[in-house]
Amino acid sequence: MNRKIIAATAVAILVAGVSLSASAQEVVRLGNLKFAHYGAVSYIKEIAPKCGIKVDEKVFAKGPDVMQGILAGELDVGTTASEAAISGRANGAPIYVVAGFAKGGARLVAGKDSGIKSVKDLKGKKVGVTRGGIHEVLLDAELGQNGLTAKDVTIVYLAFADLNQALLGKNIDAMMQSEPQSSQAINKGFGVEVMKPYDTPIGEPVRTMVMTEKFYKEKRPLAEKFMRCFLEATKTFIDNKEVAEKYVREVIFKNQISKEDFYDAIGNSPYSYDITVEHIQVTTDTMAKYGTGKMAKPPVAKDWVKTDLLEQAKKSLNIK
């Protein structure tokens with residue numbers, strides 16, 4: 001009889017151990033982009049075991065692709081510029097904006113010999129931009145407040161990775177580019193900064209972290225762990241720039257960007273945590289004004305910007 005009790009106890013302990021192990025390895029499926037200012041989000045997977053989770057990161061070329069991953073049910077969390085999140089929500093993506101993770105990250109760069117020194121000088125020129133990103137919204141807004149429209153310039157839609165080559169080859173005259181690519185163009189001498197496009201109603205665009213409604217509602221404990229892990233990763237990058245530089249340059253970009261590129265890029269796209277209903281609403285209104293993003297119906301920010309997880313995590317980690 002004692003043997004039976006011992007055997008049963010052993011099985012119970014084994015089952016409990018397996019259960020704890022499975023719990024410790026709860027997986028969060030993360031969609032991310034390959035930019036310097038998305039680096040702290042990538043770093044979450046490196047510290048995830050310490051947070052009691054596992055993060056399965058999938059890297060996409062642009063924000064709308066992250067939205068497609070969410071719609072396909074392949075992701076729990078995604079990071080993107082606000083424009084893609086807003087367009088996604090407008091067109092049926094079941095998501096909530098739960099945090100910001102970087103701000104800025106845009107620059108209007110002209111070819112070295114283009115003679116372009118202001119937005120008004122873009123008239124009649126070829127301007128490169130990536131379709132479906134916040135950069136397209138910023139370009140529309142800058143043109144609009146300078147008395148121009150998309151018809152006054154020739155818009156050339158290219159992937160972020162192809163814009164620099166197009167500017168170098170003089171296939172475009174200017175570009176609204178992200179980081180670290182815009183810093184690279186300037187540091188390599190074939191591009192010159194025209195402006196940082198932060199004087200529109202949007203201000204400095206905030207990059208958004210979104211969660212699926214299902215993950216937010218049905219896996220609350222896991223969502224809370226992930227949010228705390230995000231804050232820890234981001235705080236590490238903010239407090240220790242050497243760790244951030246090493247990870248972004250060596251792990252994400254495989255030494256394809258220089259130290260100068262990294263610091264210039266982050267100088268124009270600092271890591272952060274916060275997002276506001278007001279910022280998302282102003283961005284939505286700007287998109288609607290210029291017809292950017294093909295929204296079936298512009299979403300109302302207060303209905304889908306949920307910062308309670310963020311505030312709870314900040315409080316638990318004593319982050320202001």
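User: How do the residues that line the largest cavity divide into nonpolar, polar and charged?

Analyst: This is a predicted model, in which local features need pLDDT of at least 70 and side-chain atom pairs count only at pLDDT 80 or more, while totals for chains, interfaces and linings use all residues. Residues are numbered from 1 along each chain as its sequence is written, and side-chain values use heavy atoms, without hydrogens or water. A cavity is a set of points, on a 1 Å grid over the protein atoms alone, where a 1.4 Å probe fits but cannot get out, and lining residues have an atom within 4 Å of a point. With Ala, Val, Leu, Ile, Met, Phe, Trp, Tyr, Cys and Pro counted as nonpolar, Asp, Glu, Lys and Arg as charged and the others, Gly among them, as polar, the lining divides into 7 nonpolar, 6 polar and 1 charged.

User: What is the volume of the largest cavity, and which residues are closest to its centre?

Analyst: A volume is the space filled by probe spheres set on the grid points, which are joined across faces, edges and corners. By that rule the largest cavity has a volume of about 80 Å³. Of the 14 residues lining the largest cavity, the closest to its centre are L33, Y38, A81, G133 and F160.

User: Which elements give two or more residues to the lining of the largest pocket?

Analyst: A pocket is an open set of grid points with protein on both sides within 12 Å along at least five of seven lines, and the largest pocket has a volume of about 450 Å³. E83, S87, G132, G293 and K294 are the closest to its centre among its 24 lining residues. Helices (H or I, at least four residues) and strands (E, at least two) are DSSP runs numbered from the N terminus. In those terms, the elements giving two or more residues are helix 3 (63-71), helix 4 (82-90), helix 5 (134-145) and strand 7 (154-157).

User: Which element gives the most to the lining of the second largest pocket?

Analyst: The second largest pocket, with a volume of about 380 Å³, is lined by 17 residues, with F160, A161, Q181, Q184 and F253 nearest its centre. Two or more residues come from each of helix 6 (160-168) and helix 7 (181-187). The element that gives the most, with 4 residues, is helix 6.

User: At what angle do helix 2 and helix 9 pack?

Analyst: Axes are lines fitted to C-alpha atoms, for helices over the stretch in contact, and angles run from 0 to 180 degrees between N-to-C directions. Helix 2 (residues 39-47) and helix 9 (residues 220-239) have their axes 8 Å apart. Contact means heavy atoms within 4.5 Å, and the residues making it include Y43 and I47 of helix 2 and F226 and F230 of helix 9. The packing angle is about 115°.

User: Which non-glycine residue has a positive phi, and where is the cis peptide bond?

Analyst: Most residues other than glycine have a negative phi, and most peptide bonds are trans. K170, in the loop between helix 6 and strand 8, has a positive phi of about 60° although it is not a glycine. P180 is found in the loop between strand 8 (174-177) and helix 7. The cis bond, with omega near 15°, runs from E179 to P180.
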